[in-house]
Each structure stands twice: as structure tokens, then as C-alpha cells.
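Hi everyone, thanks for coming.

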Amino acid sequence: MPHTEGHDHDGGVRTVHSAYLPGHDHLHDDEDYGALEDNPIWQQDNVTLHSVGMDIGSSGTQVVFSRLHLRRISEDLTSRYLVVRRETLHRSPVSLTPYADDEHIDAPALGSIIDAAYREAAVEPADVDTGVVILTGEALRRRNSEAIAGVLAERGGELVNASAGHHMEAMLAAYGSGAAQASFESGRRILNVDIGGGTTKLAVLDRGRVAATAAVHIGGRLQVVDDTGRIVRLDPAGGEHAARAGFTWKTGDTVTGEELTRVAESMADALVKAVTADGPPAGVRDLYLTDPLPDLGPIDGVMFSGGVAEYVYGREDTDFGDLGRRLGRALRRRVDSGALPHPLLPAGECIRATALGASEYSVQLSGNTGCVSDPDALLPRRNLQVVRPVHRLGEVVDAAEVEAAIRRHLTALDVTQTGADIALALSWSGLPSHERLLPFARGIRDAVAGRTAAGRPLYVVLDGDVAMTLGRLLREELDVTGDVLVIDGLSLRDFDYVDLGRLRLPSGTVPVTIKSLVFGQDPRR
């Protein structure tokens, strides 16, 4: 189905959150801000994270290093943290993504690009608090894509997470391009069109919130020719676009500039139809890698990002032997002629949008109340599967109903068979009274009694601000003797995965990265 809430929660990107966990001395927030900033009380409300974003795309690879300052908005008596300052510390050059052949990314060469970026930035992997490796577009199709993402995550730092997915990339591009900020500041509905080497990601921003995302198989590097016009790379989608323009091409064929222009013009027409038609025609619908965008409603402006956007805005003129320049110019003509009937907004970040989004907009901190029985035993953890039972909480909470809802869901997702650790995501609403929280805790305890009896730790993630109280009830009143972690302020879904970082002091925060590990072929195939 179309992603109508920005691919996860509240229109946000896959995020890093935090819970307050007092009394443990592990990783320190040691950023030096001066006399006031040396005050431990100030430091509890202020956290600095060093982040990295790696964008491994169909055509380009780049790395962005950032520093983020987050502050707890204590004046509102809330436990949530907000990013109050973002600084880009280093941007690597954009390198062509290396391929060993048509089916495999060149892992050693790619590793060398990443290593060089860390050296140039004077950053050690151990210094990175969080980050995201994004494999995008056609890079996802390569047979070794999952292994490549894992290798890069390990090279990038312990808490750098390998993620992939069209919706996620669309969202990160919308944030990194500046479209989300422009939408928020102006209150407008903006369409962000991020065109990379293999795919185009679409995102609708409504007053700063990602309202819908999608992706189509249109990109500037689906076909590459050498200086003589001989086709040296032709991805399957590139061949399909050539066929739509009336050509039957294969690798090794020689083509003319006029023929390449015809293919680019056809691609531009298809993209315009994809974002303007009330239900795209069959040929265009086939290009969608996700479900089509829903009815867009009024759009106040369009912003382009990605490598092809450099040509749309006239910021680049070099021809790299692909369709990028021709496609960008064709799209600009359609904007100027009104065929794409939305006002063109000024350029923000173009080729670096996704990497910036991954580095600077994948981080939030929420929840300064939590409970961790043993940080050394429970943290850090990677790739905890999220299990989110559906349950209702009335004025009177029924422990048996909570238990039954959790048990049903564990069985439905076959979690009971695997024995693997999970993150139990639960909703909390209403008064946080002892009379309501105690049966809620009892239902949780009884539902996972078999797991805890077998020595499995209990990880609970809440969307309500009651983690510390719930944790204490489980431990002190309900005699759960195994390891327990309860954090709050997070909204998760089934099939999400979370990584938990080390406890930080003096802020007492635990970074939690919510991600989606999606490695798969084009769903149309």
C-alpha cells in the first residue's frame, strides 16, 4: 500500500531515540561547550551525537559526517528530546559506485572509498554514535547487497546500521534536500522528486510532515555508454525504457546521441505522468517499485533532488556517459512548459540529499525516563525484531486481556518458535495510576513468563511516558528476576528492527535506532 505516514511514525524518518537511565557509568557525553555546559545538570538535558550517513547508490557513493545537539524540552515537563542544532562536519567526494560485474558490487573498492572518507574526516569508527548505511536504487538488486551493507556497517562503527528501502530513502531525501524544512516554514504542500542513478523517489510534504512516499524505476544511470557510443552497461530497466522509446538494445550495441535523447525524453514523460495522472496509465504504473502515490491533492511547489537534479537546476553540465544530463534537461523543459504543472522551488541539496538525510535527519531523542536492570548485560543490542500486539486499554485495565493479546501476537508471528530476543512494543494511554499500571505489568509478565523462565531478557518499548514506573513494577512488585529494559516515547510497528546503543552519561540516555532491513528484488519481478 502507499506509505501515507512517511514510512514510519508521525512522518519521521527511521530514528534514534533515547531513554533516561540514571546511576550507570558507561559512555560519556563529553562535548566541551564551556563553563555552563560543564554543569552536570545542564548535561542531563543536552546530548551531543556524532553521526554518519553513507549513501551507496546505483551511480554514486558518498559519506557525510555530522554533529547533532539535542535538548530535552524540560520547560514543557516532557521527557522528549529535540534536535536544536545540526552541523555538517565533512562531506566526502561523490565517487562512482564500483561494480565487479553486472551482478555484484565491488566490495574491496567500495570499502576503500569508505575508509578514505573516514581518513579525510579524521574520524575513527569508535567515535561515531549513530548512523545509517543506505543501499538505494539498483544497488539493492545486486546479489551481494545485503552482505555489502553489513560490511559497511561494521567498518563504519559499531552503532552504524545498515538499512534499505524505497520509502525510507524517499523520506531521507525529502529531509536532506530541504523540502521538509521549506514545507514546514511556509505551510505549503511540496512534492520532492529525488532522481538517482536507478530510481526516482517521491515524497509529499504537508506542513513539514511526510504525507506519502513512493518510488518509480526511472534513473539517470540505467544505461551507460563509452566515448564511442557503445553500451557498456544496460540494467534491465534501462532496456525496458529503451524499448518504450522504440529501441531494442543490448550491451555492446552502439547508439547515437539522438537515440539516447529519445530515451531520456520518454523517461521524462513517464515521470510527469507518474506524478500528475489521476491513476497512472498501465505502462507508467508498471514502473512503480512501490504502490503508486495516492491522490496528491493540491501541490504548491516541486523540488528536485538527487544527482539528476543538478542538471534540472543547471548546476552541472558534465556528461558522464549516462542519461543523467539528458533526463535532467528534459524534465526542466517540462517544468518550464507547464507539462509538470507545479511551480519549481529553488534548489536545496541535490546529489547529497539522501546522505545528508541519513546523517542529520535520522536522529531524535525521546524519553528521559526508563528502566534498565543491567546495562552491561542488555546493551548494546542489534537487530531486535519488533513485535507489536494490538490491545485496548480502558479505564480499568484487564491483565488477562493484555496477556492474551500478547500471546496471540507472539504465536501469529512465530516468535515463540525462534526463541530469539524481541522488542515488545506496546501502547499506553490514560492515567498512569498504580491501579491501571499494575495489571498492565502483570499481563506483560504472564505473557512472556516462558521466555523469562528460559533466561531470555525482557525488552519493552512504549509510546507512553511510563517506562520507569512499569519497569519498577515488573521488578519490585511482580518479581521478574531476569534482565529487564523498558523505554518509552517510541512508536514502533511489526517488522521494524531496533538497535540499542550504550548508556550515555551524564545525560543518562540510550540511543535507539529504529530501522527497516529490506533487501529484495524489484517486487514486480
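Okay, the largest cavity first: about 70 Å³ of space lies in there. By cavity I mean a set of points on a 1 Å grid over the protein atoms alone where a 1.4 Å probe fits but cannot get out. Grid points are joined across faces, edges and corners, and the volume is the space filled by probe spheres set on the points. Before I go on: this is a predicted model, so local features need pLDDT of at least 70 and side-chain atom pairs count only at pLDDT 80 or more, while totals for chains, interfaces and linings use all residues. Residues are numbered from 1 along each chain as its sequence is written, and side-chain values use heavy atoms, with hydrogens and water left out.

How many cavities of 30 Å³ or more does the structure hold? There are 4. Which residues line the largest cavity? They are I422, L424, V448, R451, T452, R456, P457, L458 and Y459, where lining means having an atom within 4 Å of a point. β17 (422-426), α16 (449-453) and β18 (458-462) each give two or more residues to that lining. Those labels are DSSP runs numbered from the N terminus: helices are H or I with at least four residues, strands are E with at least two. By class, the lining has 6 nonpolar, 1 polar and 2 charged residues. Here Ala, Val, Leu, Ile, Met, Phe, Trp, Tyr, Cys and Pro count as nonpolar, Asp, Glu, Lys and Arg as charged, and the others, Gly among them, as polar.

Now some helices. Two packed helices are described by the angle between their axes and the distance between the axes. The axes of α15 (residues 434-447) and α17 (residues 467-477) come within 9 Å and cross at roughly 65°. Axes are lines fitted to C-alpha atoms, for helices over the stretch in contact, with angles from 0 to 180 degrees between N-to-C directions. From α15, the residues H434, L437, L438, F440, A441, I444 and R445 meet T469, L470, L473, L474 and E477 of α17; contact means heavy atoms within 4.5 Å.

On the α13 side, the contact includes V402, I406 and L410. Its tally is 8 nonpolar, 1 polar and 4 charged.

On to a sheet. It is open, with 4 strands in the order β11-β10-β9-β14 and mixed pairing; two strands pair if DSSP finds at least two bridges between them. β9 (residues 189-195) and β14 run parallel, joined by 5 bridges, and L191 stands opposite V302 in β14.

Most residues other than glycine have a negative phi, and most peptide bonds are trans. A122, in the loop between α2 (107-121) and β7 (130-135), is not a glycine, yet has a positive phi of about 55°. And L379 and P380 are joined by a cis peptide bond, with omega about -10°; P380 sits in the loop between α12 (375-378) and β16 (381-387).

Terms used. 1 Å grid on protein atoms, 1.4 Å probe; cavity = no way out; pocket = protein on both sides within 12 Å on 5 of 7 lines; lining within 4 Å.
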